[in-house]
Amino acid sequence: MKRNYFIVLLIFLVFFVISFLTNILGPLIPDIINSFHLSLTMAGFLPFAFFIAYGVMSIPAGMLVELYGEKPVMVGAFLLAFVAALLFALIPVYSMAIFSLFFIGVGMALLQVAINPLLRVAGGEEHFAFNSVLAQLVFGSASFLSPYLYSYLVRNLQDDALHTSWHLKILGRLTPPELPWVSLYWVFALVALIMVLVLYAARLPRVELKEDEKAGAWQTHKTLFKNKTVILFFLGIFAYVGTEQGVANWISKFLQTYHGFNPQTVGAHTVSLFWGLLTAGCVLGLLLLKLFDSRHILIAFTGAAMIALTFALFGPASVALFAFPAVGFFASVMWSIIFSLALNSLEKHHGSFSGILCTGIIGGAIVPLIIGWLGDHFGLRTGMLFLYLTLGYIFSIGFWANPLITNKTIGKKSEPQMVG
């Protein structure tokens with residue numbers, strides 16, 4: 001189809017909001033642990049509830065897009081997120097947090113499945129890796145801002161003397177005084193409602209996907225699950241999201257436990273810097289993807305991420321404050337490169353394959369939970385050693401991936417290659 005830059009920009013806006021709603025758990029976890037008196041394992045169930053929704057909904061989401069089109073699914077996804085965020089804001093208890101996070105996750109799974117094939121079609125196949133990194137840039141910028149919003153709201157709502165502006169007065173009346181962080185969920189509900197209205201009002205044309213872009217029937221998925229390449233890239237997405245969330249969710253608690261830093265200030269700032277450098281890394285990634293094979297970039301960045309993680313876990317406090325964000329910097333290109341390598345490794349069924357890949361986002365559910373369980377039994381530092389396994393798998397992708405179409409670099413035409 002003809003390139004449609006309106007769709008590309010709208011997809012970038014959706015990426016921004018998804019990130020805004022998704023990646024706030026890291027700074028919140030120390031507050032949630034203290035407010036609800038949780039163990040690390042119980043805290044690990046919070047990201048588990050959110051990301052397991054991807055495992056439940058990603059494949060059905062592809063079928064829903066096929067049946068009803070992108071716009072109704074995207075409007076429905078934000079409506080679901082609005083109701084879920086509102087329920088937790090009204091009833092802030094642990095069980096409702098699990099319930100709310102699961103249904104927000106369902107909404108985000110619907111969105112992820114709808115927008116990724118759209119980005120590939122609307123922006124062009126040969127620019128998919130580039131546009132995916134650009135989307136990651138937008139994604140990271142929202143994640144950079146949300147911890148500062150958390151820090152601002154919590155610090156101001158804790159002090160009655162600072163309730164000077166109208167929005168703080170409203171949030172102060174709506175939020176329990178002992179749980180100021182819950183105010184974020186009022187903000188999330190408002191943002192989701194605005195997105196419902198924006199998408200409902202937008203003249204978003206139904207994008208006619210090519211046959212190979214469509215989500216197929218269950219038989220198609222069964223066939224794909226028998227394909228070794230599909231399974232290997234599914235594990236790649238699992239490992240990446242597990243790594244990203246495994247680091248981001250436990251940074252603040254790690255810094256509080258081993259170095260005594262305040263999670264509402266230094267912890268939130270470091271998590272923000274993690275996402276900020278992840279964004280900055282995207283900028284470098286955009287340049288490098290025009291110069292080098294994406295597999296070589298993946299190998300170099302993953303190796304550097306493992307070195308940074310080592311300094312974060314075993315270095316002194318001053319080093320950990322910069323090494324954790326450095327992990328985010330080097331992780332910046334992983335999602336988009338793995339996703340584009342995966343889709344460019346199959347000749348057809350990209351819609352169904354996209355749904356299967358998005359199912360791999362459950363890595364964000366499993367890995368933080370494993371780290372929490374290990375943390376309860378052996379200490380959080382030992383638990384975070386699990387991240388070497390996920391990073392090691394991502395590192396291996398750069399060696400065995402063999403795409404049909406390689407990324408287009410300066411001075412080189414993108415030409416089909418035969419597998420094998």
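This section describes the fold, the nonpolar core, a surface patch and selected residues of the protein.

The structure is a predicted model, in which local features require a pLDDT of at least 70 and side-chain atom pairs count only at pLDDT 80 or more, whereas totals for chains, interfaces and linings use all residues. Residues are numbered from 1 along each chain as its sequence is written, and side-chain values use heavy atoms, with hydrogens and water left out.

The protein contains 19 helices and zero strands, both assigned as DSSP runs (helices H or I, at least four residues; strands E, at least two) and numbered from the N terminus. Of its 420 residues, 60% are buried, where buried denotes under 20% relative accessible area, exposed over 50%, and partly exposed the range in between (1.4 Å probe, protein chains only). Among contacts (heavy atoms within 4.5 Å) with a separation of 6 or more, 82% join residues 24 or more positions apart. The accessible surface amounts to about 16200 Å², and carbon and sulfur atoms contribute 70% of that area, as computed by the Shrake-Rupley method with a 1.4 Å probe; for residues, only the protein chains shown count as cover.

A nonpolar core is defined as a set of buried Ala, Val, Leu, Ile, Met, Phe, Trp, Tyr and Cys residues joined through side-chain atoms within 4.5 Å. The largest such core comprises 148 residues, and Trp 181, Tyr 185 and Phe 324 have the most contacts inside it. Helix H5 (residues 94-123) supplies the largest share of this core, with 16 residues. Because domain 1 (1-215) and domain 2 (217-401) both contribute residues, the core lies between them; the domain bounds come from an automatic or database assignment. Not counting residues up to four places away in sequence, the contacts of Phe 324 include Val 247, Phe 254, Thr 270, Phe 274 and Met 384.

Helix H8 (residues 183-201) provides three residues, the largest share of the patch.

Val 266, in helix H12 (residues 263-289), is partly exposed at 26% relative accessibility. Beyond residues up to four places away in sequence, Val 266 touches Phe 261 and Leu 321.
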